[in-house]
Amino acid sequence: MHDNERDLDSGVSTSARPDASPFDTIATSIKTSRYVQALLGLTIIGFLLRFYNLAGNSLWLDEASTLSFARQSLLGIWESTAGGEFNPPLFYWLEHGMLVFGESEFVLRFLPALLGVLTIPVVYYIGSEFRDRNVGLIAAALLAFSPFHIYYS
């Protein structure tokens with residue numbers, strides 16, 4: 001099998017006009033590139049799997065611990081994490097900022113779920129740089145449907 005036989009975009013013109021705006025280039029890529037379409041589909045599925053019933057369970061022990069760290073001041077978070085806390089202070093600082101929207105299960109889980117969804121295209125990029133776009137898609141699909149990743153996102 002030749003390389004162009006494994007290319008999902010073989011035979012499809014994906015070139016954009018040289019004077020096109022970035023939005024036109026993105027729109028053209030979405031319309032013409034099967035890789036971009038597949039990655040977009042995987043990312044949407046990953047979003048649905050991670051955000052479905054996000055606030056369905058009450059807080060677990062580690063989430064309650066995150067909430068107690070996030071309630072502290074920014075300096076207090078730094079001092080608490082300097083003592084050997086597993087998670088870096090940036091995570092707690094970001095969660096501290098999320099508390100503006102409330103202290104519900106959904107708010108506390110939103111940021112990890114969002115970051116979990118955003119790792120899908122990152123894994124595609126790493127796989128495509130490491131080997132090729134097909135490997136990137138396979139890696140992104142494995143991550144999108146990974147029960148472990150969904151649970152911890």
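Predicted model: local features only at pLDDT ≥ 70, side-chain atom pairs only at ≥ 80, totals over all residues.
**View A. The largest pocket and the residues that line it.** The lining is made up of 21 residues, and those that lie nearest the centre of the pocket are Glu-63, Arg-109, Tyr-151, Tyr-152 and Ser-153. Several helices take part in the lining, with at least two residues supplied by each of α2 (34-51), α3 (61-70), α5, α6 and α8 (147-152). Sorted by class, the lining of the largest pocket holds 10 nonpolar, six polar and five charged residues.

**View B. The crossing of helices α2 and α6.** The axes of α2 and α6 come within 9 Å and cross at roughly 160 degrees; since angles over 145 degrees count as roughly antiparallel, α2 and α6 are therefore described as roughly antiparallel to each other. The crossing of this pair is right-handed. On the α2 side, the residues in contact are Tyr-35, Leu-39, Leu-42, Thr-43, Gly-46, Phe-47, Arg-50 and Phe-51, and they meet Phe-106, Phe-110, Ala-113, Leu-114, Gly-116, Val-117, Ile-120, Pro-121 and Tyr-124 of α6. By class, the contact of α2 with α6 comprises 13 nonpolar, three polar and one charged residues.

**View C. The crossing of helices α5 and α6.** Helix α5 (residues 89-98) and helix α6 (residues 105-130) have axes that come within 9 Å and cross at roughly 135 degrees, and α5 and α6 are therefore oblique to each other. The crossing in which α5 passes α6 is right-handed. Here Phe-91, Leu-94, Glu-95 and Met-98 of α5 meet Val-107, Leu-108, Phe-110, Leu-111 and Pro-112 of α6. The contact of α5 with α6 contains eight nonpolar residues, no polar residues and one charged residue. Phe-110 of α6, which takes part in this contact, is also listed among the α6 residues that meet α2.

**View D. The crossing of helices α4 and α5.** The axes of helix α4 (residues 74-81) and α5 come within 9 Å and cross at roughly 150 degrees, an angle for which α4 and α5 are therefore called roughly antiparallel to each other. As the chain is modelled, α4 and α5 form a right-handed crossing. From α4, the contact draws on Leu-74, Ile-77, Trp-78 and Thr-81, while α5 contributes Pro-89, Tyr-92, Trp-93 and His-96. The contact of α4 with α5 divides into six nonpolar and two polar residues, with no charged residues.

Technical notes: Residues numbered from 1 in each chain as written. Heavy atoms only, no water. Axes fitted to C-alpha atoms, helices over the stretch in contact; angles between N-to-C directions. Helix = DSSP H or I, 4+ residues; strand = E, 2+ residues; numbered from the N terminus. Parallel < 35°, antiparallel > 145°, perpendicular 65-115°, else oblique. Left-handed = near helix turned anticlockwise from the far one by under 90°. Contact = heavy atoms within 4.5 Å. Nonpolar A, V, L, I, M, F, W, Y, C, P; charged D, E, K, R; others polar. 1 Å grid on protein atoms, 1.4 Å probe; cavity = no way out; pocket = protein on both sides within 12 Å on 5 of 7 lines; lining within 4 Å.
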